[in-house]
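Let's take a walk through a protein model together. Have the sequence and the 3D view open as you read.

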Amino acid sequence: MMGMAYQTAEPATVVVFGGTGDLMRKKLLPALYRLSENGRLPERSQILASARSRDLDDEKFRVWAREALRAAGVWSDGQSSRWCEECLHYQGMGKEEGADYQALARRIETIEREQQIPANRAFYLALPPQAFPGVISGLGQAGLNRSAGWTRLVVEKPFGRDLASAHDLNHLVHQHFDESQVYRIDHYLGKETVQNLLVFRFANPTFETLWNRDRVESVQITVAEDVGVEGRAGYYERAGALRDIIQNHLTQLLTLVAMETPGALEADQIRNEKVKVLRAISPVAQECAVFGQYTRGPIDGHDVPGYREEPGVAPDSQTDTFAALRLEVAN
């Protein structure tokens, strides 16, 4: 039932920077495989992973990918192995950035020629935020921001560290890409529970008639995890809970909970209603923000280390691993 009816686009080459990272292993690769398996990724589309390692090649990357798919619970003998062989490629990137991006451009063209697919390309930045500027500039300087087909740039959250860096990053993006080419992605919105909020809010007349300030005093949104940084200290030490979760994931949930009914369930109209919510948030008072950091303790009967005991975390780190805010939406 989920076959060719979903194929609304031509084949494309998806280039994932950070192609051997945590996000690729846990989220992107399994998701791309599921899309292909369900007929929602155009046939003959190719996945090119790019990372710093020069030790990997196509075959070694496919071994890595098979292990990732098995760990994600989506492996299917025969079909999965065939997909890895037919669709997955790897390109190492060193520090000679100009030459690296020219080599990447040649590799993409070779894949397109061998697979006989059009020059449609999506560049997915599954990278730490500090790596975004170099990749965006490298793509532009190598002419990879334009092609005979279409080109898209997908930027994973967080988009900048603060308002000033977000403006700087936006300026850099627009030096090389048109706004119509750019997707700023928060993968949290792909979660089924999050998507169900739209149905819960707007497809259920019982809730929709009650969902207003006269009948709802407050709403609490909680994201509770039972894992540590899981080897991500290099990123987390720069981010913390406020930047990693609240300013993107939870802010998106807040807007879905508090926005008015859009004129239509279309991307632009939903976005406009979300923006209205953000503009209606009152300034946050100091007493309405609480921050903390987890210490050693038991989870499910097992002793787990404190944040400062995690590998790569400074022994005097002040990074927040817990953040709670009280926001008032004046609409």
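## Ground rules

Buried means under 20% relative accessible area, exposed means over 50%, and partly exposed is in between (1.4 Å probe, protein chains only). This is a predicted model, where local features need pLDDT of at least 70 and side-chain atom pairs count only at pLDDT 80 or more, while totals for chains, interfaces and linings use all residues. Residues are numbered from 1 along each chain as its sequence is written, and side-chain values use heavy atoms, with hydrogens and water left out.

## Salt bridges

How many salt bridges does a search of the whole structure find? The search turns up 15, counting a side-chain nitrogen of Lys or Arg within 4 Å of a carboxyl oxygen of Asp or Glu. Take arginine 66 and glutamate 85, whose closest N and O atoms are 2.4 Å apart. Arginine 66 sits in helix H2 (residues 58–71) and glutamate 85 in helix H3 (residues 79–87), so this pair ties together parts that are 19 residues apart in sequence. (Helices, H or I with at least four residues, and strands, E with at least two, are DSSP runs numbered from the N terminus.) Arginine 66 is buried at 15% relative accessible area, whereas glutamate 85 is partly exposed at 35%. Both belong to a salt-bridge network that links Glu59, Arg62, Arg66 and Glu85.

Now for two other pairs. Glutamate 179 and arginine 184 form a salt bridge, with their closest N and O atoms 2.8 Å apart. Glutamate 179 is partly exposed at 41%, and arginine 184 is partly exposed at 36%. Glutamate 112 and arginine 121 also meet in a salt bridge, at 2.8 Å from N to O, but here glutamate 112 and arginine 121 are both buried.

## The nonpolar cores

A nonpolar core is a set of buried Ala, Val, Leu, Ile, Met, Phe, Trp, Tyr and Cys residues joined through side-chain atoms within 4.5 Å. The largest one has 27 residues, and Phe17, Leu125, Ile136, Leu139 and Leu153 have the most contacts inside it. Elements giving two or more residues include strand E1 (13–17), helix H4 (97–115) and strand E4 (121–125). H4 is the top contributor, with five residues. Apart from this core lies another, of 26 residues, among them Ile47, Ala49, Trp83 and Leu88.

Look at leucine 125 too: leaving out residues up to four places away in sequence, its contacts (heavy atoms within 4.5 Å) include Phe17, Ile136 and Leu153.

Serine 137 lies in helix H5 (residues 132–141) and is buried at 17%. Beyond its neighbours within four places in sequence, serine 137 is in contact with Leu172 and His176.

Threonine 255 is part of helix H9 (residues 233–258) and is buried at 2%. Not counting residues up to four places away, threonine 255 touches Lys274, Val277 and Leu278.

## What about the cysteines?

A disulfide is a covalent bond between the sulfur atoms of two cysteines. The cut-off used here is a pair of cysteine sulfur atoms within 2.5 Å, and the structure holds zero disulfides. Cysteine 84 is buried, at 0%, whereas cysteine 288 is partly exposed, at 22%.
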